[in-house]
Amino acid sequence: MIVAKGVGKSFGGERILSGVDLTFHEGEVVGIVGPGGVGKSLLMKILCGLVEPDEGEVTVFGRSWADLSVTERAKLRERFGMLFQNYALFDFMTVGENVAFPLVQRGDMSAQDVQERVVERLTQVELSGVNHLYSRELSGGMKKRVALARATIGEAPIIIYDDPTAGLDPVTSSKIFNLISDLQRPDSLSLITSHDIERMMPVCQRYIMLYQGGVYFRGTAQEAKQSQDPVLRVFFGGDAVDVGRRTMAGAEGIS
Ligand SMILES: Nc1ncnc2c1ncn2[C@@H]1O[C@H](COP(=O)(O)OP(=O)(O)O)[C@@H](O)[C@H]1O
Ligand SMILES: [Mg+2]
């Protein structure tokens, strides 16, 4: 579904990513992990065509972002559902309007069908009856669930969850990952970035770990834990150790 070849990106002379080769298939749930600031969010934006890489290319359903016109890009982006780390809900819209937004924008459903789908999806994320509220009236966990409903309502074949549990307590985080799992459809591809390996485990089949400017590891959590590499063992096993440029322990400094 998505192929990245030799992807690289720098900002202000600092090389964040280089030589990133990745292939993602239908039906997969893949965890994109690594310490804060390593480039997880950036990679997600490159994959869905929101940021252009300096090097390499990304193809989605066989089409390279670089070859597409603005209109074609917008069309291809409709095949993505996105929950971005700082992609806040629209504060001038109600919960119902926020969740309906991707469907309304696509413009191929009647208002009544949209409403039915919104009610159904809000029930799925355990938020029935809050359609009329505004985001300022919601708790952090509720906002994430609304964002989850909005990211998945279009039943896009590719869903990107960029740090869906950032800033949430462990219990709420577990609930969010459970919901992601419930909302996963057999034929879709989901990419989840997070540092919360423990709670991602029940959801993700395999992982891509970014570290030191590129893909440091790809494989299952089991493979990472059994590895002799201390960095992997720390990251996947949960021991708190400073592994160099960026500390991998604790929530602070990891986003
Ligand atoms: N638009 C941008 N302009 C400048 N620097 C950026 C931009 N986007 C990302 N970066 C930098 O790239 C690095 C990776 O950021 P990010 O992808 O947000 O990391 P992560 O999601 O892994 O925490 C950071 O150093 C960040 O400052
Ligand atoms: Mg991020």
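Which residues come nearest to ligand 1? Of the eleven residues around it, the nearest are Phe11, Gly39, Lys40, Ser41 and Leu42; a residue counts as near a molecule or strand if its C-beta atom, placed from the backbone, lies within 6 Å of it. Keep in mind that this is a predicted model: local features need pLDDT of at least 70 and side-chain atom pairs count only at pLDDT 80 or more, while totals for chains, interfaces and linings use all residues. As for labels, residues are numbered from 1 along each chain as its sequence is written, and chains are lettered from A and ligands numbered from 1 in the order in which they are written.

**Around the ligand**
- Helix H1 (residues 40-47) is the top contributor to the shell around ligand 1, giving three residues. Helices (H or I, at least four residues) and strands (E, at least two) are DSSP runs, numbered from the N terminus.
- The shell splits into four nonpolar, six polar and one charged residue. Here Ala, Val, Leu, Ile, Met, Phe, Trp, Tyr, Cys and Pro count as nonpolar, Asp, Glu, Lys and Arg as charged, and the others, Gly among them, as polar.

**The four-stranded sheet**
- Strands pair through backbone hydrogen bonds, either parallel or antiparallel. Two strands count as paired if DSSP finds at least two bridges between them.
- One open sheet has four strands in the order S2-S1-S4-S5, with antiparallel pairing. Its edges are strand S2 (14-24) and strand S5 (63-64), each pairing on one side only.
- Strand S1 (residues 2-11) is joined to S2 by seven bridges. Ile2 sits opposite Phe24 in S2, and Phe11 sits opposite Glu14 in S2.
- S1 and S2 make a hairpin with two residues between them, and Gly12 in the turn has a positive phi of about 50°.
- S1 also pairs with S4 in the antiparallel sense, over five bridges; there Val3 stands opposite Thr59.
- H1 turns up again here: it lies across S1, S2 and strand S4 (55-60), running at about 125° to S1. Axes are lines fitted to C-alpha atoms, for helices over the stretch in contact, and angles run from 0 to 180 degrees between N-to-C directions.

**The six-stranded sheet**
- The other open sheet to look at has six strands in the order S6-S7-S8-S3-S9-S10, and its pairing is mixed. Strand S6 (80-83) and strand S10 (214-219) are the edges, each pairing on one side only.
- From one strand to the next, the twist averages 15°.
- Helix H5 (residues 140-152) packs on this sheet, touching S6 and S7, and its direction makes about 170° with that of S6. Contact between two residues means that their C-beta atoms, placed from the backbone, lie within 7 Å.
- S6 pairs with strand S7 (residues 158-162) in the parallel sense over four bridges, and Leu83 stands opposite Tyr161 in S7.

**A pair of helices**
- The axes of helix H3 (residues 95-106) and helix H4 (residues 111-124) come within 9 Å and cross at roughly 125°.
- The contact involves Gly96, Val99, Ala100, Leu103 and Val104 of H3, with Val114, Arg117, Val118, Arg121 and Leu122 of H4. These residues divide into seven nonpolar, one polar and two charged.
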